[in-house]
Amino acid sequence: MAGRDRVVHLLRQLERAACRCPAHSTSFHQGAACTVRKTDYAFEMASSNIRYGEGVTREIGMDLQNLGARWVCVMTDRNLSRLPPVKSVLDSLVTHGVNYQVYDNVRVEPTDSSFKDAIAFAKKESFDVFVAVGGGSVIDTCKAANLYACHPEADFLDFVNAPIGKGKPVTGVLKPLIAVPTTAGTGSETTGVAIFDFEALKAKTGIASRAIKPTLGLVDPLHTLHMPERVAANSGFDVLCHALESYTALPYTLRSPCPPNPITRPAYQGSNPISDVWARHALHVVAKYMKRSVRDPEDVEARSSMHLASVFAGIGFGNAGVHLCHGMSYPIAGNVKTHMAKDYNVDHPMVPHGLSVVLTSPAVFNFTAPMCPERHLEAASILGADVSRVKREDAGPLLADTLRGFLYDLEVEDGLGAVGYTTEDVPDLVKGTVPQERVTKLSPREHTEEDLTRLFEASMKLY
């Protein structure tokens, strides 16, 4: 017995002295982690299932049959409703005997009002599956419609990101959602994020929860052949910034607070080893194919590659997050005055999302580079810059110049001034950025309102 008591005594001493790091401690993972840590120690990867291939859309009717769908909500916008991608989806549904109803009133660059209209439509029917055919606006609207149709008692602001909304976690089960993306940009087919303009604040916000990500994304590169030149360009800029921002985001181990429960761990967690792989690969594809895809709509290889790059970057930023370019883009889009975007068949002023994001990118990455110069230099190198003799302290100016050259080659508007803004608008742009802390707090460099002011001023003219 003396020997047994000795063993028990030693085991208890070892337990008390055990390493508290997450790799070695069982108790660390049982809720104690966030009583002793201010920052997170773990990250989680979540993404929709993705099926890729030319003509893969024709399989959607079989997918819906396999899900046992009886009454399907198909969401799109009025322009797309007359184009081949929607026809391809509906033909497949008819072929396989799937009953459906189409909602084609999605607004390009949706607002809280347009979200609510789609939600009301979804609530009126007992849909058991949702299908989104379109770009990020359509897919995000469909996510919101599915979410609130499955939570009929919820107030609209319940799931909207704080501080604008209440940011409540989604605990209920949603209906299956199949996304059929028709642009190569947002990556919305992979993420649990839905973005909209909150009209009262003239700024974008959104809903972020892994629960709303599509069940399946059908990535059919044939659909991207219908994108006009500027739509292809602006969609591609979104891919570019998704990759750059997620790769340079604050590391997940420095993000605070450490969640007391896994359900409160945010979708946007900070840069991490897995997201890094997707972001870097997306950058390589953008560097090789984006200019070709914009200049020649019949370049199937380039357009197909950019469609995949959108998926790659979506998986990356959908788990790592974005930061200042996106945070600052929301008031740029929300405060638009008279700018009418070329190649967009809409009846309202609009700064397309990808354009609103990329216009600040030279200033932003010049600002963030001191915190992780190696990553900024690597990004510049991937995009074609010679970094062989560049000092770490010059990483920001080099990446900024590389981006300016990239944008100039693709005939991007010459800064915020070219889309209708002046320095007098800067206070409102800063005011609209401040509530975007869900993304801006992932900037690797802390910033003040004065910093934001300087970044907006520096973005008034690019060349």
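**Aromatic pairs, buried residues and backbone details**

Reader: Is Phe127 buried or exposed here?

Author: Phe127 counts as buried, because its relative accessibility is 5%, where buried means under 20% relative accessible area, exposed means over 50% and partly exposed is what falls in between, with a 1.4 Å probe and protein chains only.

Reader: Before I go further, what sort of model is this, and what is counted?

Author: This is a predicted model, in which local features need pLDDT of at least 70 and side-chain atom pairs count only at pLDDT 80 or more, while totals for chains, interfaces and linings use all residues. Residues are numbered from 1 along each chain as its sequence is written, and side-chain values use heavy atoms, with hydrogens and water left out.

Reader: OK, back to the rings: how many aromatic pairs are there?

Author: The count comes to twelve aromatic pairs, where rings of Phe, Tyr and Trp (its six-membered ring) pair if their centres lie within 6.5 Å, and planes under 30 degrees apart count as stacked, over 60 as edge-to-face and the rest as tilted. One of the pairs is Trp71 with Phe127, which is stacked, at 5.8 Å centre to centre and 20° between the planes.

Reader: Where do Trp71 and Phe127 lie in the chain?

Author: Trp71 is in the loop between α3 (60-66) and β2 (72-75), and Phe127 is in the loop between α5 (112-124) and β4 (129-134), so the pair ties together parts that are 56 residues apart in sequence. Helices (H or I, at least four residues) and strands (E, at least two) are DSSP runs, numbered from the N terminus. Trp71 counts as partly exposed, with 26% relative accessibility.

Reader: And how are the rings of Trp278 and Phe312 set against each other?

Author: That pair is tilted, because the ring centres of Trp278 and Phe312 are 5.7 Å apart and their planes stand at 35°. It links distant parts of the chain, with Trp278 in helix α8 (residues 273-295) and Phe312 in helix α9 (residues 300-320), 34 residues apart. Trp278 is partly exposed, at a relative accessible area of 29%, whereas Phe312 is buried, at 14%.

Reader: Which residues form one aromatic cluster?

Author: Trp71, Tyr103, Phe121, Phe127 and Phe130 do, forming one aromatic cluster.

Reader: Changing topic, what does Tyr247 touch?

Author: Leaving out residues up to four places away in sequence, Tyr247 touches Ser271, Asp276, Ala279, Arg280, Arg375 and Glu378, and contact here means heavy atoms within 4.5 Å. Tyr247 is in helix α7 (residues 229-248) and counts as buried, with 4% relative accessibility. The C-alpha atoms of Tyr247 and His376 are 8.9 Å apart in space, although these two residues are 129 apart in sequence.

Reader: What about Ser329, which residues is it in contact with?

Author: Apart from neighbours within four places in sequence, Ser329 is in contact with His353, Ser356 and Val357. Ser329 belongs to helix α10 (residues 324-334), and its relative accessible area is 0%, so it is buried.

Reader: Now the backbone: which peptide bond near Pro163 is cis?

Author: The bond from Ala162 to Pro163 is cis, with omega near 5°, and Pro163 is in the loop between α6 (136-149) and β5 (177-181). A cis peptide bond also joins Ser256 and Pro257, where omega is about 0°, and Pro257 lies in the loop between α7 and α8. As background, most peptide bonds are trans and most residues other than glycine have a negative phi.

Reader: What is phi of Glu109, then?

Author: Phi of Glu109 is near 60°, a positive value in a residue other than glycine. Glu109 sits in the loop between β3 (100-103) and α5, and counts as buried at 12% relative accessibility. Asp343 also has a positive phi, near 75°; Asp343 is in the loop between α10 and α11 (353-358) and counts as partly exposed at 33% relative accessibility.

Reader: Last one, how many helices and strands does the protein chain have?

Author: The protein chain has 17 helices and eight strands, and of its 463 residues 56% count as buried. Along its principal axes the C-alpha trace spans about 85 × 60 × 40 Å. Among contacts between residues at least 6 apart in sequence, 78% join residues at least 24 apart.
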